[in-house]
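Subject: Structure for your review

Dear colleague,

My findings are set out after it.

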Amino acid sequence: MTATAGTAAPAFAARSGGSRQLAGTGTLLRFALRRDRVLIPVWVAVNALMVLSMPGTIKGLYGTAAERADLMRQMETNASLRALVGPVFDDGLGALTAWRVGLYAGALAAVMSLLIVVRHTRDEEESGRQEVVASGMVGRRASLTAALLAAAVANAVLALLIAVGLAGQGAAGALALGLGVAGAGMLFATMAAIVAQLTESARLARGLTAAVLGGAFVLRAAGDSATDDGSSVLTWVSPLGWLENLRAFADERWWVLLLIAGATVTQGFVAYALAGRRNLGMSFLPTRPGPADGRLRTAGALAWRLQRGSVLGWSVGFFLAGVVYGGMTEGAADLVGDNEQAREIIERMGGQAGLTDAFVSAMIGVLGLIAALYVVASVLRLGGEETSGRAEPVLAGAVGRLRWAAGHLVIAFGGAALIMLLAGLGFAAGYGQDFGAIMGACLVQLPAVWVIGGAAVLLHGLLPRAAVAGWAVAGGVLLLGWVGPALDVPQTVLDVSPYGHLPKLPGGEMSWSPVVVLVLIAGVLVGTGLVGLRRRDLT
């Protein structure tokens, strides 16, 4: 059925000329934007707020030219910090904004774009919905075009917000940064479009593209740690290094945008060529068939088989991040120096203990916030199994819904514990001391991570069509935890996040009451979500 229905419309399109290849693109684009009416605004808003809030924060931290010049001197000699955020090219507020958040804004735009493209291409094919669409007057490349246009709309809005919001720091620099961030997003959108043609699994397509993004960050970090001006070959190999070398607000290199645009267009041509050479539902790299018995006799074993790649990727990433953050710890006091504003921000994030302990606590808190993204992605794997139809054969046997869901939830919640444990090991390896205190600080993040995971379970169980809002919950918490302390947001607002109630370890006093309460809240959320899953129809 797939081959017949999937090739009928493309064959008609090929006979009717090139214009028929894109028939129905407008309708599919409107449908994609309607489906992503929550996902896209949340990602764009979080990213834009992170960038636009930074000039005021930097002005409060480094209000004088002497303080900003001292910061530049510190970055020239601190390789670990350059690996984390890149080199500084100018001491103006705009240039420091681009230095502090430019790379992360580009990375977030890349994640947003790859999620959009994979969702509206390989996800649709995997679920069978694309087969229904393709049976109508829809061109072979219409779905791919609509997905890329949806990503382009999201990135264009993000670029516009950044350009307008930072125009006061310099119109040319604001435009360069906005276009650079959007260009990074579209570069990974077209890369995701290629990977979606190569793989049969949307999960694998997302994972491989995210792995390329992680590799780009590692290459850029390695290059920047070696040089203080972004001139390393490793930096230039990385697409994120291109964004850095655009040098927004610091004698912009406009030709770098041509490099980004050229790579994006080239990848787009490759994706379109591949899309025209395969049947619907097929791929150029077929999934390797696995054993039908042995290790896959239980629902839990199947869940592990499906998610082990994701767990491995997050584990490696968190361990390496821990090593980098741990290596930065010794230089934290030198970087802050006598800057009271910087000290206050670190203390709001990490507690009132000594500066080194506060810095360690703040950096571990950042990893805890990012772990919320893992647990949401892992929980929402349940929805992917439902919509793709793979859950029905499993549940048709002697496997109940709760047992099936439990297999995935063990991976989600247990995996969160694993990646935080590995982050602690990496942090201790990079720092070289206080092993027990660092491990305790990492593990105390878990109750808050589990609350976010419990919210995702609740949404999946009661409102499966709105389960994607779990990303909004994680994004809102990430925004509060990352930007809130820098903007001196009132504590009552920060307490909306479960992370606001955690003890500030190491250095702070351990309080078990909020930890126990958060664990109970997570349990209630998970239990309520499972009750809803047991009583409702499959999606």
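This is a predicted model: local features need pLDDT of at least 70, side-chain atom pairs count only at pLDDT 80 or more; totals for chains, interfaces and linings use all residues.

Residues are numbered from 1 along each chain as its sequence is written, and side-chain values use heavy atoms, with hydrogens and water left out.

Helix pairs

Helices (DSSP runs of H or I, at least four residues) are numbered from the N terminus. Helix α7 (residues 93-119) packs against helix α12 (residues 202-226) at an angle of about 165 degrees, and their axes are 10 Å apart. Axes are lines fitted to C-alpha atoms over the stretch in contact, and angles run from 0 to 180 degrees between N-to-C directions. The angle makes α7 roughly antiparallel to α12 (over 145 degrees). Their crossing is right-handed, that is, the near helix is turned clockwise from the far one by less than a right angle.

In the contact (heavy atoms within 4.5 Å), residues of α7 including Leu 103, Tyr 104 and Ala 107 meet residues of α12 including Thr 209, Leu 213 and Phe 217. The residues of this contact divide into 13 nonpolar, one polar and two charged. Here Ala, Val, Leu, Ile, Met, Phe, Trp, Tyr, Cys and Pro count as nonpolar, Asp, Glu, Lys and Arg as charged, and the others, Gly among them, as polar.

Helix α10 (residues 142-165) and helix α11 (residues 171-198) pack at about 160 degrees, with axes 8 Å apart; they are therefore roughly antiparallel. α10 passes α11 in a right-handed crossing. That contact holds 17 nonpolar, five polar and no charged residues.

Cores and Gln 445

A nonpolar core is a set of buried Ala, Val, Leu, Ile, Met, Phe, Trp, Tyr and Cys residues joined through side-chain atoms within 4.5 Å; buried means under 20% relative accessible area (1.4 Å probe, protein chains only). Of the 134 residues in the largest core, Leu 177 and Tyr 499 touch the most other members. The largest share of this core, 16 residues, comes from α7. A second, separate core of seven residues includes Ala 110, Phe 188, Met 191 and Leu 213.

Leaving aside residues up to four places away in sequence, Tyr 499 touches Gln 445, among others. Gln 445 lies in the loop between α23 (435-443) and α24 (446-462) and is buried, with a relative accessible area of 7%.

Yours sincerely

Key:
Helices (H or I, at least four residues) and strands (E, at least two) are DSSP runs, numbered from the N terminus. Buried means under 20% relative accessible area, exposed over 50%, partly exposed in between (1.4 Å probe, protein chains only). Angles under 35 degrees count as roughly parallel, over 145 as roughly antiparallel, 65 to 115 as roughly perpendicular and the rest as oblique.
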